[in-house]
Amino acid sequence: MCGIVGIVDAGGVSIQIYYALYALQHRGQESAGISTFDGTTLCKFKGQGLVADVFSPAVLKNLKGTVGIGHVRYPTTGANLPENIQPLNFQFKDHFISIAHNGNLVNTAELRAAYEQAGQIFTTTTDTEIIAKLLIDEITNSGRVEDAVALCMKRMQGSYSTVMMIDGIIYAFRDPLGIKPFCLGKLEHGYMVASESVAVDALEGKFLRDVKPGELIRIDAEGVRCMQIAVAGKRAHCIFEYIYFARADAVIDGVLVYDVRRTIGQKLHEEAPVKADSVCSVPDSGTAYAIGYAEGSKIPFVESLMKNRYMGRTFIMPSQKERERAVRIKLNPISAHLKDKSVVLVDDSIVRGTTSKRIIDMMRDAGAREIHMRIGSPAIKAPCYLGVDMPTRQELIASDKVEEEVRHNITATSLHHISLDALVKAIGFSRDDLCTGCLTGCYPLPIEGESAKPRLVNFIDGTFQSKLELV
Ligand code: AMP
């Protein structure tokens, strides 16, 4: 759960990185950072909080150069510590290196232990520092970044969309299974990579394509070159990006997230129709689903929960009590729309169950007679180890409960989760090209104590193609 961006643009990059991070703010609200290179110096600034709070115009002015990378962070590996804020910056001989990463390695402990055994020290608790160490080790051996990335890909297990700046060059690579999103765009005077296409849109750039799973892209003042380093038989795109995490207006791996959610809403109606006065969403994450449900059922879509736009995502609150209070501040029920009404309430997912229960309580207090909950994901049964902050099994309300027990817990009149089949169909990939670990407990790579259906990965000895391949 992080957002990354890398830009090379002859017109300067700091303001553009700032706006790109703004567009990716939903991917992490804990901290933000930007590093740029002006030909001789690595300029950097990072801090805790939202993008708009961390950077001032004066700070952006000091981030000079035509090359830079940025990051917004929501921690998955590594605690909420100032030293963990990315990009991480290093000086190695006379080279300046900055690196930012979205994803989660599952073999961090093992890799870190090997380095510590050899007497190496670490300054952060993030897996990003491990990636940096692996890369720099191999750059020292072979002198070629592409060899270093290939070696990294062989040794790292997990999800990693990574952007790295070495002096004036940007390198971007994505794990062979393509777990986390990553895309490439063209700007007026340069190129960019970003976690989601919405960042390219924000800069009025042209979306070119996704970074391919297992691909390395190099961007400098001359343009873009790419090379395929690894190819997996099957991919494992994160299904939760489509369910909740990505912005609805993002196009990920060729699929518009909004349309997936709207189609699921229609399917929810087919799978679990109900007589009601109105369809209402939990804004904003449930809205596309609710619109789909309203279209399918011909029941009017009526906003009955009003969102305070100035509140962040409620998950972001560290303690359960704070999260509960935050829901009340974030959402206000409109009594006039709810009094004595039977309502279909649509949301993207139930994780701990706290939000749904609080919302249902509020809507009942506001006079709703019946609340039929419809959920755009199947029940979440297992934790995520690959980059989404999905808690332990004990905290997941559905991990040990059938749907009727969850319904009873959240006190809904009725409850239905979309079937996995309908969800997969709405996304349009084969089920084997998606990571469904949180829904099925079966992961696309080996994870200690969990079951897995590992994808085979082949490595290719390649060189950079001189021309950008658009397909
Ligand atoms: P709860 O059931 O109380 O845990 O809250 C579930 C709601 O939080 C969902 O409807 C989503 O909108 C949102 N959500 C789901 N997963 C996450 C996550 N990993 N991080 C932040 N918010 C999430």
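Reader: Helices (H or I, at least four residues) and strands (E, at least two) are DSSP runs, numbered from the N terminus. Where is His416, then?

Author: His416 belongs to strand E23, which spans residues 414-417. A caution first: this is a predicted model, where local features need pLDDT of at least 70, side-chain atom pairs count only at pLDDT 80 or more, and totals for chains, interfaces and linings use all residues. Residues are numbered from 1 along each chain as its sequence is written, and side-chain values use heavy atoms, with hydrogens and water left out.

Reader: Got it. Is His416 buried or exposed?

Author: Buried, because its relative accessible area is 17%. Buried means under 20%, exposed means over 50%, and partly exposed is in between (1.4 Å probe, protein chains only).

Reader: How far is the C-alpha atom of His416 from that of Ile375?

Author: Their C-alpha atoms are separated by 6.2 Å. Along the chain, His416 and Ile375 are 41 residues apart.

Reader: Which side-chain or backbone atoms pair up with nitrogen atoms of the ligand?

Author: Take Tyr244 first: an N or O atom in its side chain is 2.8 Å from a ligand nitrogen. At Asp389, a polar backbone atom is 2.8 Å from a nitrogen atom of the ligand. The cut-off for a polar contact is a pair of N or O atoms within 3.5 Å.

Reader: And what does Thr355 do with the ligand's oxygen?

Author: A polar side-chain atom of Thr355 is 2.5 Å from a ligand oxygen. The protein covers 96% of the 500 Å² of accessible area (Shrake-Rupley method, 1.4 Å probe) that the ligand has on its own.

Reader: On to charges. How many salt bridges does the structure hold?

Author: It holds 22 of them. A salt bridge puts a side-chain nitrogen of Lys or Arg within 4 Å of a carboxyl oxygen of Asp or Glu.

Reader: Start with Asp253. What is its partner?

Author: Arg174, with the closest N and O atoms 2.8 Å apart. This pair links distant parts of the chain, 79 residues apart. Asp253 is in the loop between strand E16 (251-252) and strand E17 (255-256), while Arg174 is in strand E8 (residues 169-174).

Reader: Are those two buried or exposed?

Author: Asp253 is buried, and Arg174 is too.

Reader: What about Lys180?

Author: Lys180 bridges to Glu241, again with closest N and O atoms at 2.8 Å. Here, too, distant parts of the chain are linked, 61 residues apart. Lys180 sits in the loop between E8 and strand E9 (183-187), and Glu241 sits in helix H8. Lys180 and Glu241 are both buried.

Reader: Switching to the backbone. Where are cis peptide bonds?

Author: One runs from Gln86 to Pro87, with omega near 0°. Pro87 is in the loop between strand E4 (67-73) and strand E5 (88-92). Another joins Pro283 and Asp284, where omega is about -10°. Asp284 lies in the loop between strand E18 (278-281) and helix H10 (287-297).

Reader: Which residues have a positive phi without being glycine?

Author: Lys93 is one, at about 50°. It lies in the loop between E5 and strand E6 (95-105). Lys298 is another, with phi near 65°. Its place is the loop between H10 and strand E19 (305-307).

Definitions and conventions. A polar contact is a pair of N or O atoms within 3.5 Å; within protein, one must be able to donate a hydrogen and the other to accept it, and residues adjacent in sequence count only if both atoms are side-chain atoms.
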